[in-house]
Amino acid sequence: MGIEFDNNQPIYLQIMNYIKGEIITGKLKPGDKIPSVRELAAELQINPNTVQRTFQELERETIVETRRGMGRYVTGNEETILTIKKDMAQDVLDRFIRGMQELGFQGEDIIAAVAENVHQRDQGQGD
Amino acid sequence: MDELLEIQNVTKRFGSRQALNEVSFRLGAGTITGLLGSNGSGKSTLMKLIAGLSRPSSGRISVIGVPVGMDSKSLVSFMPDVPVTESWMKVGDALRFQQDFYPDFDQSKALRMLEFMKLRTEDKVRTLSKGMNERLQLTLALSRRARLYLLDEPIGGVDPVARTKILNALMEFYEEDSSILLSTHLVTDIERIFDEVIFLKDGEIVLHHSVEALRQERGKSIDELFREVFAEC
């Protein structure tokens, strides 16, 4: 696992987002075992309690399940994974729209700009 | 969280100079705490008091309820900022020495750590580089079965690769039910291994907080906060 940490932000949130990303992109698949607290702490050189907290939060969001005596696994529930994907997409959209509004773009202008860009990209791929 | 270390109103004077002034804090079991401060802030003095190598002018220190003294020696493992080894020693002698001093010294753990650190028992201590010597000192300290590990400037060497190796060893060989109090003035590389940090300035605590909470509340790294607090030093 390779994470470039930003020490200005809580570390547990960064690891959470990283693991969610791995799940959404399919690098971690439903039912895959995830590393132990110890392994991940040693690998990332971070505090074991921070890793513990990450896993607790992931469990609370039912993204990760603990099987007694066996370790932690990525949820097999596709719906949960879809929800994370939508949540993360929403975050990206929120940031984008806020940025565009700060530049002075409004509703229809933003939609038009997005449509034009997506269209251009699709054409670019066709060449 | 169970209480491991309790320090109450500790003051230490050397003649007219006040090295520590009314220092109080508690550490829980299973935590790693960074003791941060610039040179001369009182970090080493505080460590020596907790290790029982020196006595406070006033105030009390206890480890799992045991007042610091003869009875606390088996609970606390101290890595001082100067090597505990002698120049005639080989690495193997250093291990035997430590074993003679401390019945809780875990020889097999020490050998595993040596291998991880790429040190050999036949290496002469005198010929070790500064970084390799730090690795040896850390091995000696962490191989004791103690409740509290006091590591005074374990990453003093400037070589970033050597620093990474020491951090790796710390995370690999640290027993999770014990606690570590680690002093340093190099914050950037190491701040992610802390649960809490204590800023010590001119012998007084100016901040003691959870690092994740600090990042959350202030949106700043510990290194940045450290530079703010100690800017005028």
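This report describes two contacts in a predicted model: one between the two domains of chain A, and one between chain B and chain A.

Chain A splits into domain 1 (11-76) and domain 2 (79-126). The centres of these domains, taken over C-alpha atoms, lie 29 Å apart. Domain 1 of chain A brings 10 residues to the contact and domain 2 of chain A brings 5 residues. On the domain 1 side, the residues touching domain 2 of chain A comprise 4 nonpolar, 4 polar and 2 charged.

The contact between the chains draws 24 residues from chain B and 18 residues from chain A. A salt bridge joins Arg38(A) to Glu176(B), with the closest N and O atoms 3.0 Å apart. On chain B, helix 5 (160-173) and helix 6 (211-218) each supply at least two residues of the side that touches chain A. Helix 5 of chain B gives the most, with 6 residues. By type, the chain B side holds 7 nonpolar, 8 polar and 9 charged residues.

The table sets out the values for both contacts.

| Contact | Buried area | Share on carbon and sulfur atoms | Salt bridges | Residue pairs in polar contact (both at pLDDT 80 or more) |
|---|---|---|---|---|
| Chain B and chain A | about 1800 Å² | 42% | 1 salt bridge | 15 residue pairs |

Methods:
Residues numbered from 1 in each chain as written. Chains lettered and ligands numbered in written order. Predicted model: local features only at pLDDT ≥ 70, side-chain atom pairs only at ≥ 80, totals over all residues. Heavy atoms only, no water. Domains from an automatic or database assignment. Contact = heavy atoms within 4.5 Å. Nonpolar A, V, L, I, M, F, W, Y, C, P; charged D, E, K, R; others polar. Buried area = accessible area lost by both parts, 1.4 Å probe. Salt bridge = Lys/Arg side-chain N within 4 Å of Asp/Glu carboxyl O. Polar contact = N/O pair within 3.5 Å; in protein donor to acceptor, adjacent residues only side chain to side chain. Helix = DSSP H or I, 4+ residues; strand = E, 2+ residues; numbered from the N terminus.
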